[in-house]
Amino acid sequence: MILYSFFNSSTSYRVRIALALKGLAHELRTVDIRAGEQYAGPHRTLSPVGGVPVLVTDEGEVITQSLAILDYLDRIAPQVPLYPADPVQRAHVLELALLISCDIHPLNNLRALKYLADPLAVGPEARSAWYAHWIAEGLGAAEVLLQRRGSSTYCFGDSPGAADCCLVPQVANALRMGCDLTPYPRVQQIHATCLSHPAFQAAAPERQPDHRP
Ligand SMILES: N[C@@H](CCC(=O)N[C@@H](CS)C(=O)NCC(=O)O)C(=O)O
């Protein structure tokens, strides 16, 4: 398998965690989204929307969208499941994963921030306020959902799953952007637990071969 990734892309980070949890061998290829490599050339053919991650399977099938990739990995390597079998528990995992993937990430994605800057001429201070606002809205909701579901080691239960794959990279982004996480103690606790897990450590941005300041 080939994973097209960028070290501090949170959606790539989701997939790197899943690959590490499942112990799946893969080749990592960098798409420098700071340099705009996602918008042009061969990568745009792989990813019509112009982004990472993209997974190319051993059979040469191209899969975009991190949650579709997670689902694919879960089907081909079910021994370490990312979702519980119980329908309600599975829905709760998806609920949190989708909250992060649909209600936070797109609003603060690079292309959205770039569009705010140009052509909308939103200045750096207002862009930071925008970023912090959607983090607060989203992580505030995540905190409520997580507290409602109990006090398990990970988001749901005693082993990490798809919700943790989404939560940890989103928290990494929030910390990188200087957002205050003190209102979200359960989020912080799960984040800290995940960071001590070897799969999350292997997938971390600072451990990637393309990492840079
Ligand atoms: N919904 C997509 C989002 C993919 C995405 O946009 N990834 C970001 C990096 S985290 C990206 O490539 N951004 C490039 C840009 O916005 O120009 C997924 O979950 O895979």
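Trainee: What share of contacts in the chain, between residues at least 6 apart in sequence, joins residues at least 24 apart?

Mentor: In this predicted model, 66% of such contacts join residues at least 24 apart. A pair counts as a contact when heavy atoms lie within 4.5 Å.

Trainee: Why is the radius of gyration of the chain said to agree with a compact globule?

Mentor: The rule is 2.2 Å times the number of residues to the power 0.38. For 213 residues this gives a value near 17 Å, and the chain has 17 Å, so the two agree. Along the principal axes, the C-alpha atoms fill a box of roughly 45 × 45 × 30 Å.

Trainee: What makes a residue count as buried, and what percentage of the 213 residues does so?

Mentor: The relative accessible area must be under 20%; 47% of the residues of the chain count as buried. The accessible surface of the chain comes to about 10,100 Å², with 57% belonging to carbon and sulfur atoms.

Trainee: How many helices and strands does the chain have?

Mentor: The chain has nine helices and four strands. A helix requires at least four residues and a strand at least two. From the N terminus on, the order is β-α-β-α-β-β-α-α-α-α-α-α-α.

Trainee: Where does UniProt place the feature "domain: GST N-terminal"?

Mentor: The unreviewed UniProt entry places this feature at residues 1–81. That span is 37% helix and 17% strand, and its end C-alpha atoms lie 19 Å apart.

Trainee: How far apart are the mean positions of the positive and negative charges of the chain?

Mentor: The mean positions of the 17 positive and 20 negative charges are 2 Å apart.

Conventions: Residues numbered from 1 in each chain as written. Predicted model: local features only at pLDDT ≥ 70, side-chain atom pairs only at ≥ 80, totals over all residues. Heavy atoms only, no water. UniProt positions renumbered as here; feature names shortened; annotations may be inferred. Buried < 20%, exposed > 50% of the residue type's maximum accessible area, 1.4 Å probe, protein only. Areas by Shrake-Rupley, 256 points an atom, 1.4 Å probe, with all protein chains shown as cover. Lys, Arg positive; Asp, Glu negative; His and termini not counted. Charge placed at Lys NZ, Arg CZ, Asp CG, Glu CD.
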